[in-house]
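Biologist: I would like to learn how to read metal sites and pockets in a model. Please take them in turn.

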Amino acid sequence: AKGMGKAGWQRYQSDLAHAMVQRLELRTQLHEAIEDEQFVLQYQPIVELVDQRVTGVEALVRWQHPTRGLLGPFHFVEAAEENGTIIGIGGWVMREALRQFAAWKAADPDTSLRYISVNVSPRQFLAPDFVEQVRSALAAAGARPEWLLLEVTESLVLKDAAKVVQDLRALRALGVRVAIDDFGTGYSSLSYLRQMPVDVLKLDKSFIDDILTSRQQHALVDAIVTLAGNLDLAVVAEGIEEAGQRVALDTMGCQYGQGYHFAKPLWPTEIPALIEATRPA
Ligand code: C2E
Ligand code: CA
Ligand code: CA
Ligand code: CA
């Protein structure tokens, strides 16, 4: 604020106040947004690094706000987690993602799509009837449990509450797979994860960013990929933005990748065309 002058300072103060009011408004509008079904989903492809075939998609929520336009999760997911509306939002996301995925499978029996990834917030997972919600969402969509990959956070798994382990087991018994999202940003270790009933590690973008410029970072990711493989965990590298990163990760033995290099989050109507375009001859 230095050198702003009095008018500039007042302006800065009123901008701050304005931003706070906007955040509070959004928070109170979340309940209404659920009732009015103002949420929409985009889908970001997850590819096999070896041949870049699209084998999965991750559902990413957006809020089609009546006056502010399309809002990304940054604007509301934290607030929704805090006031509990994430439970309703997350329930809708799961049902809608499964419905859409089942429709893609039905429309194209030869599709390369094998699974859909759905983000689950800690508050949503810890709700008493979460496993039942998953079961009924699968049934309502006519979706097979093997199609669903649930992305949970490291912090949830670290809680190690008996309920978390028990529910992870119950989900896997159904045939649903579980991924640790943003792996590496929390404090869990691979040896600890070994004891958790999970199937997939999603290696956070912050680990991928520097693999071409930092030997240490490259060595670290290489070691994680090797260890994960020995522990029978599949690895998805997030945030791949350049071909060099894809090649490096593939060489390390990392099987899956996601990022702008392959595709940004897409609207549902764009997915079948992409699948068609990447279908092997
Ligand atoms: P995430 O689960 O780590 O999802 C990946 C985010 O990284 C997405 O942002 C995606 O658009 C972005 N991304 C993907 N590839 C690249 C890349 O190459 N470069 C860069 N710079 N970014 C990339 P988005 O859609 O804004 O989502 C942000 C976060 O919001 C997600 O991070 C996830 O934690 C949360 N989120 C999204 N949808 C849901 C949901 O339905 N439920 C819950 N609980 N959280 C969600
Ligand atoms: Ca995710
Ligand atoms: Ca992630
Ligand atoms: Ca991330």
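Biologist: Which residues coordinate the calcium ion (ligand 4)?

Modeller: Donors are N, O and S atoms within 2.8 Å of the metal (3.2 Å for Na, K and Ca), and water is not among the atoms, so sites may look incomplete. Here D182 (OD), D204 (OD) and E238 (OE) coordinate the calcium ion (ligand 4), at 2.4 to 2.9 Å. D182 sits in strand β6 and D204 in the loop between β7 (200–203) and α9 (205–208), so this pair ties together parts 22 residues apart in sequence. Helices (H or I, at least four residues) and strands (E, at least two) are DSSP runs, numbered from the N terminus. This is a predicted model: local features need pLDDT of at least 70, side-chain atom pairs count only at pLDDT 80 or more, and totals for chains, interfaces and linings use all residues. Residues are numbered from 1 along each chain as its sequence is written, chains are lettered from A and ligands numbered from 1 in the order in which they are written, and side-chain values use heavy atoms, with hydrogens and water left out.

Biologist: What coordinates the calcium ion (ligand 3)?

Modeller: The donors are D181 (OD), D182 (OD), E238 (OE) and E238 (OE), at 1.9 to 3.0 Å. Along the chain they follow the spacing D-D-x55-E. D181, in strand β6, and E238, in the loop between β8 (234–237) and α11 (243–252), are 57 residues apart.

Biologist: How far apart are the calcium ion (ligand 4) and the calcium ion (ligand 3)?

Modeller: They are 3.3 Å apart, and D182 coordinates both. The calcium ion (ligand 3) also lies 3.6 Å from the calcium ion (ligand 2), with D181 coordinating both of these.

Biologist: Is D182 buried or partly exposed?

Modeller: Buried means under 20% relative accessible area, exposed over 50%, and partly exposed in between (1.4 Å probe, protein chains only). D182 is partly exposed because its relative accessibility is 29%. D181 is buried at 10%, as are E238 at 11% and D204 at 13%.

Biologist: Which residues are closest to the centre of the largest pocket?

Modeller: On a 1 Å grid over the protein atoms alone, a pocket is an open set of points where a 1.4 Å probe fits, with protein on both sides within 12 Å along at least five of seven lines; lining residues have an atom within 4 Å of a point. Of the 34 lining residues here, E58, L60, N119, D181 and D182 are closest to the centre.
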